[in-house]
Amino acid sequence: MDNKEQAELLGLKFYQGKVRDTFAKDGYICLVATDRISAFDHILPKDVPGKGIVLNEMTKYALGKIGTTVPHWLIESPHPNILFGHACKPFKIEVVMRAYIVGSLWRKYSKDRVRECWGYRLPEGMQENQKLDEIMLTPTTKAEEGHDLDITEAEILEQGLATEEQWNTIKKYSEELFNIGTRAAKERGLILVDTKYEFGTDPRGTIRLIDEVHTPDSSRYFYADEYEERFTMKEKQKQLSKEFVREWLMAHGFEGKEGQFMPDITDEVVDLWQTRYFELLQVMTGETMHHAPPSINMDNVMEVMKNTFKKHITPA
């Protein structure tokens, strides 16, 4: 019996994402972090054992730092692969916060010669990985398929993706979250370069932070002790993110473009990626994971989930 069939037996709505399975009922949601891994909008053919638990641990650590500063969706984690909380209706917006000119922003600047974007003016003569004069809040659409697209504040309001009051709250929360994430990164000897946030409204209309937060899958980090020297020498920055997966795929001729074929991912490559994810966990939280836990037992997960929903849902 697959996950969808089991969900139907329990009266749960089911959705399978790229790396997580989602179950929902009566205003609550359960996210199961699998060991699937994605890049360039493709699910890779091999899992990375323990990856789901690593991402859950990092999300719990980050939300612990946030505390009650910003309302968020998480209520509890009844199983290493499970996060349980408030079901929210997502805004079709992702808020990307940027403190350095890297990635797509650098490509806009260096290749497309863009100097004004999202209401910000970028000075001439900037270098890749340079710290921005101010933190940039750069929203994108939340695409159901394909790549997200840049969107302006005016377009968000014109398209009814959020009311003015909601958008002002989202901006305020995003700025507070980025400040918290920056301080938490500094404690670990890191620089929070950029990250994305997603928000939704719960059944009572409260705007909450949803999804994972400040993990290497949703954020980019530099190592603080090497940043200045590498920047001065115009060397590539040492990063803490899942960029190593994308770099390996690109080195083997795959960027998710039409006509490209997924390279063969050997067990040795999977072992390397697993080690890197364990390193991310240790650097981010101080928690050490030497060996991957056994494969997810979905029967056990479903039993825990059933009991968790039962505990929180008041019978009619």
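**Note on a predicted structure: pockets, sheet and contacts**

1. The second largest pocket has a lining of 15 residues, and those nearest its centre are Tyr100, Lys131, Thr182, Ile191 and Leu192.

2. Which elements supply at least two residues each to the lining of the second largest pocket? They are strand 9 (93-100), strand 12 (131-141), helix 5 (164-187) and strand 13 (190-201). Strand 12 provides the largest share of that lining, with five residues. Sorted by class, the lining of the second largest pocket holds nine nonpolar, four charged and two polar residues.

3. Threonine 141 belongs to strand 12, the strand that gives the second largest pocket the largest share of its lining. The C-alpha atom of threonine 141 lies 6.1 Å from that of glutamate 94, although the two residues are 47 apart along the chain. Leaving aside residues up to four places away in sequence, threonine 141 touches Lys92, Asp148, Leu149 and Ile151.

4. Rolling a probe the size of a water molecule over the atoms shows where empty space is left. Across the whole structure, one cavity of 30 Å³ or more is found. The largest cavity has a volume of about 90 Å³. Helix 2 and helix 5 are the elements that give two or more residues to the lining of the largest cavity.

5. The residues lining the largest cavity are Tyr61, Ala62, Lys65, Ile180, Gly181, Ala184, Ala185, Arg188, Leu190, His214, Tyr221 and Met284. Helix 5 accounts for the largest share of this lining, four residues. By class, eight of the residues lining the largest cavity are nonpolar, two are polar and two are charged. Helix 5 also supplies at least two residues to the lining of the second largest pocket.

6. An open sheet is formed by five strands in the order 1-2-3-7-6, with antiparallel pairing. At its edges are strand 1 (13-16) and strand 6 (74-79), each of which pairs on one side only. From one strand to the next, the twist averages 20 degrees. As background, strands of a sheet pair through backbone hydrogen bonds, either parallel or antiparallel.

7. How many bridges join strand 1 to strand 2? There are four, and these strands run antiparallel, strand 2 covering residues 20-25. Two of the pairings can be named: phenylalanine 14 has phenylalanine 23 in strand 2 as its bridge partner, and glutamine 16 has aspartate 21 in strand 2.

8. Helix 2 (residues 51-66) lies across strand 3 (28-33), strand 6 and strand 7 (82-86), and runs at about 40 degrees to strand 7. Helix 9 (residues 298-312) lies across strand 2, strand 3, strand 6 and strand 7, and runs at about 140 degrees to strand 6.

9. Helix 2 also contains a salt bridge. The side chains of glutamate 57 and lysine 60 meet at 2.9 Å, N to O. Both residues lie in helix 2, three residues apart, about one turn of the helix. The search of the whole structure finds 20 salt bridges.

10. Two elements connect the points above. Helix 2 lies across strand 3, strand 6 and strand 7, and helix 2 also gives two or more residues to the lining of the largest cavity. Helix 5 contributes to the lining of the largest cavity and to that of the second largest pocket.

Definitions and conventions: Residues are numbered from 1 along each chain as its sequence is written. This is a predicted model: local features need pLDDT of at least 70, side-chain atom pairs count only at pLDDT 80 or more; totals for chains, interfaces and linings use all residues. Side-chain values use heavy atoms; hydrogens and water are left out. On a 1 Å grid over the protein atoms alone, a cavity is a set of points where a 1.4 Å probe fits but cannot get out, and a pocket is an open set with protein on both sides within 12 Å along at least five of seven lines; lining residues have an atom within 4 Å of a point. Ala, Val, Leu, Ile, Met, Phe, Trp, Tyr, Cys and Pro count as nonpolar, Asp, Glu, Lys and Arg as charged, and the others, Gly among them, as polar. Two strands pair if DSSP finds at least two bridges between them. Axes are lines fitted to C-alpha atoms, for helices over the stretch in contact, and angles run from 0 to 180 degrees between N-to-C directions. Contact means heavy atoms within 4.5 Å. A salt bridge is a side-chain nitrogen of Lys or Arg within 4 Å of a carboxyl oxygen of Asp or Glu. Grid points are joined across faces, edges and corners, and a volume is the space filled by probe spheres set on the points.
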